[in-house]
Amino acid sequence: NCFVPISEIIAVEETEFNKKQRNIGRWQKMARLHAFTVYYVKKARNHRWRCSDVTFWCVEEHLCNQWIQALKELLEMQKSRPKQLLVYINPYGGKRQGKRIYEQKVAPLFSLASISTDVVITEHANHAKDNLFEVNIYKYDGVVCVGGDGMFSEVMHGLIGRMQKDSGIDQNNPKASLVQCNIRIGIIPAGSTDCICYSTVGISDPVTSALHIIVGDCQPLDVSSVHHNNTFLKYSVSLLGYGFYGDILKDSEKKRWMGPMRYDYSGFKTFLSHHYYEGTIAYQPAKLTHGSPRDKESCRTGCHICKNSEKQLAEQNKEHGLKHEEGEEEWKVIKGKFLAINAVNMSCACPRSPKGLSPAAHLADGSADLILVRKCSRFDFLRYLVRHTNQDDQFDFPFVDVYRVKCFQFTSKLSEDNESNVMDIGKKRFGQFCRDHPACCCNIVNSTWNCDGETLDSSAIEVRVHCQLMKLFARGIEENCKDEAAHSQSSIEQLL
């Protein structure tokens, strides 16, 4: 028995046979064989998908054609499936395999599923972003990026920016209600880091991602906007890191010639330097969001917390439209010395850290998990980092605090007065705080913000989470792929 949900059929084609194939078993007496082949998604371990096929034999040509027509009509009813895609390929990212991966592994599947594509090979930084402001994006059912997290970020900025421009929204206003982007983004992983793909699909595999695009999966995603003094800087969907992760990125940018290994080298070097930074953080708790960062339940396919946020967002937009006002909720203020300040919109899981920086972070609940790692010994900090690789509670340390927030602001102790004009935080000007280490010859006065793998020059920033601002061709991480397929009620087997 082969149970296949209609929603996971890729294509249906009439099957032609050569003479050698005709002489098989009980079919050899037939003058002519009639058959059709169904290509479908086969789910394997570790969230990996593959394209498989099964051939059905018919005694009459008329019956065969009826089946082909019936199944194709069912596929036409799957309205969420893309028909036309805009594809951007970064030929330089990762191991420079993006073009080969797309042509050999992805393009044949799109062709099989009768998806037409317009392919653009990017030639320089921000090529895709700039192009998205010029093309007619509304004729496409989605945009596909072939590359790493940097390529995804470029496409995301282009799409969201284009939507705000077309709607007359000022991105420089940190309190502006942004227009949702309904054009889905597909990620074909081919970079040094594929954190976003891994955190939304469960694996960094080009074929798996291509099949999610073909079946038309849709996963809403929260996006954080980052501003400095009423000036828009960046959007973030995974990690905003100051201190440890910011220093790693800043150092690794000088060593791109090392390839992906540069992150290991810079990480070890940054750990040994053990720099801490003093500053002030103010945040608004996400009171309407269910759950907390210390929950044992992770965000999975059909997450009830994300669905509840989706209902709240729909009711909010219906009642107030895009001009709904935020309540004046109390801001909480924290001052201290920090080795790392991390804000994550998703778990940030990857093969080296299967649970990620915040295992219970949700993809679409309208909040971010703010993780504060205070100054501690090297040994304690190492204990904290090791927790990312095992099943222990990584927040169970006296020097680690975590909060679920909807917005926050950070001001370093060295920021100018005009860099901290929000909420009257940090109005003083401070000098470098190094008196705890009299022998320290450190001349680092500020860290760098790591925004989804790109550096931000301003240390004083304001961050706001926009609930379900964009959508991916994904469905979240499934609990058990095989069980879900077996329990589906609409299947080819039932039709037969």
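## Close-up views of a predicted model

**View 1. A salt bridge between Lys43 and Glu8.** The side chains of Lys43 and Glu8 form a salt bridge with an N to O distance of 3.1 Å, where a salt bridge is a side-chain nitrogen of Lys or Arg within 4 Å of a carboxyl oxygen of Asp or Glu. Because Lys43 lies in strand β2 and Glu8 in the segment before β1 (9-14), the pair ties together parts that are 35 residues apart in sequence; helices (H or I, at least four residues) and strands (E, at least two) are DSSP runs, numbered from the N terminus. Both Lys43 and Glu8 are buried, a term that means under 20% relative accessible area, while exposed means over 50% and partly exposed in between (1.4 Å probe, protein chains only). This is a predicted model, in which local features need pLDDT of at least 70 and side-chain atom pairs count only at pLDDT 80 or more, whereas totals for chains, interfaces and linings use all residues. Residues are numbered from 1 along each chain as its sequence is written, and side-chain values use heavy atoms, with hydrogens and water left out.

View 2. Arg475 and Asp217 form a salt bridge in which the closest N and O atoms are 2.8 Å apart. Arg475 lies in the loop between β17 (461-472) and α12 (481-486) and Asp217 in the loop between α7 and β8, so this pair ties together parts that are 258 residues apart in sequence. Arg475 is buried, with a relative accessible area of 12%, and Asp217 is buried as well, with a relative accessible area of 10%. A network of salt bridges links Glu8, Lys43, Asp217, Arg475 and Glu478, and the structure holds 20 salt bridges.

**View 3. Helix α7 and the residue Gly216.** In helix α7 (residues 206-214), nine of the nine residues are buried, so that the helix is mostly covered. Among these buried residues are Pro206, His212 and Ile214. Just after α7 comes Gly216, which takes a positive phi of about 80°.

View 4. The 13 residues of helix α9 (residues 261-273) should span 18 Å at 1.5 Å a residue, and the end C-alpha atoms are 19 Å apart, which agrees; the expected span of a helix is 1.5 Å times one less than its number of residues. In α9, the residues Arg262, Ser266, Gly267, Thr270 and Phe271 are buried. They cover an arc of only 160° around the axis, which puts them on the same side of α9, the arc being that of the directions from the helix axis to the C-beta atoms. On the other side of α9, Met261 and Phe268 are exposed. What covers the buried residues of α9 includes α8 (244-252) and α11 (378-386). His274, which follows α9, has a positive phi near 55°.

View 5. Lys269 forms a salt bridge with Asp251, and their closest N and O atoms are 3.1 Å apart. Lys269 lies in helix α9 and Asp251 in helix α8, so the pair ties together parts that are 18 residues apart in sequence. Lys269 is partly exposed, with a relative accessible area of 40%, whereas Asp251 counts as buried at 10% relative accessibility.

**View 6. Asp149 and Gln164 in helix α5.** Asp149 is placed in helix α5 (residues 149-167), and Gln164 is found in helix α5 too. Asp149 is buried yet has no salt bridge, and the nearest side chain of opposite charge, that of Arg262, is 11 Å away; Lys and Arg count as positive and Asp and Glu as negative, while His and the chain ends are not counted. The side chain of Asp149 reaches the backbone nitrogen of Cys195 at 3.0 Å. Leaving aside neighbours within four places in sequence, Asp149 is in contact with Thr193, Asp194, Cys195 and Ile196, where contact means heavy atoms within 4.5 Å. Gln164 counts as buried at 0% relative accessibility, and its side chain reaches the backbone nitrogen of Val179 at 2.8 Å.

**View 7. Two loop residues with positive phi.** His47, in the loop between β2 (34-43) and β3 (49-58), has a positive phi near 65° although it is a residue other than glycine. Asn230, in the loop between β8 (219-228) and β9 (231-236), is not a glycine and has a positive phi of about 60°. Asn230 counts as exposed at 52% relative accessibility.

Note on methods:
A polar contact is a pair of N or O atoms within 3.5 Å; within protein, one must be able to donate a hydrogen and the other to accept it, and residues adjacent in sequence count only if both atoms are side-chain atoms.
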